[in-house]
Amino acid sequence: MLIGYARVSTLDQNLDLQLDALRAAGCEKIFTDAASGALKDRPGLQEAIAYARKGDTLVAWKLDRFGRSLKNLIELINSLADRGVGFRSLQESLDTTSSAGKLIFHIFGALAEFERDLIQERTKAGLAAARARGRQGGRRRVMSDADIAMAKTLMANSEISIKDICTKLGVSKATLYRNVPTRR
């Protein structure tokens with residue numbers, strides 16, 4: 001059985017083109033979503049996956065309508081394959097129920113893994129170069145050493161309230177106490 005899945009990113013967009021293509025491909029049951037592909041929770045997709053049985057094929061108009069990212073697409077298609085469910089993309093002419101389709105899909109997966117590895121290597125090299133220049137990663141400190149010294153001086157004077165110190169330095173109480181752990 002061919003099971004269709006169509007998705008548009010916003011409610012302003014129209015599913016008609018995808019639905020027509022899925023019906024023309026012979027889909028007997030079609031599930032839809034009107035949600036951003038970046039969202040993890042897509043009820044229509046979850047229903048389509050739950051509805052599919054061994055020997056069925058899940059059909060999408062385009063790959064980007066099915067998966068959020070290449071990694072997510074690979075995970076989804078592999079989970080379908082583990083259950084004996086095939087996948088077809090109409091626009092890319094990808095069909096994992098055929099040997100050639102499986103090969104192309106595995107090449108996509110290998111390229112995605114290669115790309116992830118390259119990104120990790122570039123990130124590590126960039127961080128190492130920044131450290132060599134004396135820069136450290138992470139969030140900028142809210143209180144400078146001068147602010148901490150001023151806070152200690154002000155906190156030593158019991159006539160100045162913590163609220164006034166925080167206002168003068170432009171920080172919250174939590175930030176003040178995190179950076180100046182000494183209490184009155």
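Is Cys166 buried or exposed, and what is its relative accessible area? I looked it up: Cys166 has a relative accessible area of 6%, so it is buried. I use buried for under 20% relative accessible area, exposed for over 50% and partly exposed for what lies in between, with a 1.4 Å probe and protein chains only. Cys27, at 10%, counts as buried as well. I then looked for disulfides, meaning pairs of cysteine sulfur atoms within 2.5 Å, and the structure holds 0.

A note on the source: this is a predicted model, in which local features need pLDDT of at least 70 and side-chain atom pairs count only at pLDDT 80 or more, while totals for chains, interfaces and linings use all residues. Residues are numbered from 1 along each chain as its sequence is written, and side-chain values use heavy atoms, with hydrogens and water left out.

Overall layout. I found 8 helices and 5 strands in the chain, taken as DSSP runs (helices H or I, at least four residues; strands E, at least two) and numbered from the N terminus. Along the sequence the pattern reads β-α-β-α-β-α-α-β-β-α-α-α-α. The C-alpha atoms fill a box of roughly 80 × 40 × 30 Å along the principal axes. Of the 184 residues in the chain, 34% are buried.

Aromatic rings. I count rings of Phe, Tyr and Trp (its six-membered ring) as a pair if their centres lie within 6.5 Å; planes under 30 degrees apart are stacked, over 60 edge-to-face, and the rest tilted. The structure holds 3 aromatic pairs. One of them is Tyr5 with Phe66, edge-to-face at 6.2 Å between centres and 75° between planes. Tyr5 is in strand S1 (residues 2–8) and Phe66 in helix H3 (residues 63–66), so this pair ties together parts 61 residues apart in sequence. Phe66 also pairs with Phe87: the centres are 4.6 Å apart and the planes at 35°, so the pair is tilted. Phe87 lies in strand S4 (residues 86–89), 21 residues from Phe66.

Helix H2. In H2 (residues 43–51) I noted Gly44, Leu45, Ala48 and Ile49 as buried. They cover an arc of only 135° around the axis, judged by the directions from the helix axis to the C-beta atoms, which puts them on the same side of H2. The buried residues of H2 pack against S1, strand S2 (29–34), strand S3 (57–60), H3 and helix H4 (70–82), where contact means heavy atoms within 4.5 Å.
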